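Hi,

Here is the structure I promised to pass on. Have a look at it first, and my notes on what turned up follow below.

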Amino acid sequence: MPLLLRPDGKPVTLQSYLARMASEPVERVVMHVMRAAQQGDLPLYAWTLALPQHRLLVLLRALYPELPVLQGLPVAAYRRLVARVPPCRQALVDHLLAHADPDGDHLRQEALARALAMAGMGEAELWQDAGMPSPQALQQLLKTHFPDLPASGMVWGSIGQGGSVGLQG
């Protein structure tokens, strides 16, 4: 029995959805960060990925076409939420995107950069706050989407709440 129907009418089962999420780590990281923000493990503003609401809804529709049409928050409430995002988060997004694979999927690269920037606000190691199974899995994901990013000494400095957030584990 289908879990729900995609906009194209094809059924989506829980099994096919979980298999897709396992094979598409960008989507898994974005979903993990948004869920962590809703559950209080990350600041609530992390849920916005520091995007205007209309862009967030477009991004979610592109990443998760099987989801039903999402309704946005009231405009004033969303603006107050996204206004709480520290400016250093956008600086981190820009830094990651400056090292993006020029032949890569720009939408997924931006989604990943934004999710990782928000995950850096958590109290655990970055790979854990991003929902990755290990530091090595996060490093591989970074290498895939941001190949020019220096791998050695990859520490995000004092960008995170508690000081330095390393990828080494």
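Before the notes, a word on burial: I call a residue buried when its relative accessible area is under 20%, exposed when over 50%, and partly exposed in between (1.4 Å probe, protein chains only). Bear in mind that this is a predicted model, where local features need pLDDT of at least 70, side-chain atom pairs count only at pLDDT 80 or more, and totals for chains, interfaces and linings use all residues. Residues are numbered from 1 along each chain as its sequence is written, and side-chain values use heavy atoms, with hydrogens and water left out.

**The chain overall**

There are 8 helices and 2 strands, taken as DSSP runs (H or I of at least four residues for helices, E of at least two for strands) and numbered from the N terminus. Along the sequence they follow β-β-α-α-α-α-α-α-α-α. Of the 169 residues, 42% are buried. A contact here is heavy atoms within 4.5 Å; among contacts with a separation of 6 or more, 64% join residues 24 or more positions apart.

**Helix 5**

Which residues of helix 5 are buried? They are Arg89, Leu92, Val93 and Leu96. These residues sit on the same side of helix 5, because they cover an arc of only 100° around the axis (the arc is that of the directions from the helix axis to the C-beta atoms). Pro87 and Ala98, on the other side, are exposed. The buried set packs against helix 6 and helix 8 (135-145).

**His145**

Helix 8 also holds His145, which counts as buried because its relative accessibility is 11%. Leaving aside residues up to four places away in sequence, His145 touches Val26, His99, Ala100, Asp101, Arg108, Gln109 and Leu112.

**Helix 3 against helix 6**

The axes of helix 3 (residues 53-63) and helix 6 (residues 106-119) come within 11 Å and cross at roughly 115°. Those axes are lines fitted to C-alpha atoms over the stretch in contact, with angles running from 0 to 180 degrees between N-to-C directions. From helix 3, the contact uses Arg55, Leu59, Ala62 and Leu63, while helix 6 brings Leu107, Arg108, Glu110, Ala111 and Arg114. That makes 5 nonpolar, no polar and 4 charged residues, with Ala, Val, Leu, Ile, Met, Phe, Trp, Tyr, Cys and Pro counted as nonpolar, Asp, Glu, Lys and Arg as charged, and the others, Gly among them, as polar.

Cheers
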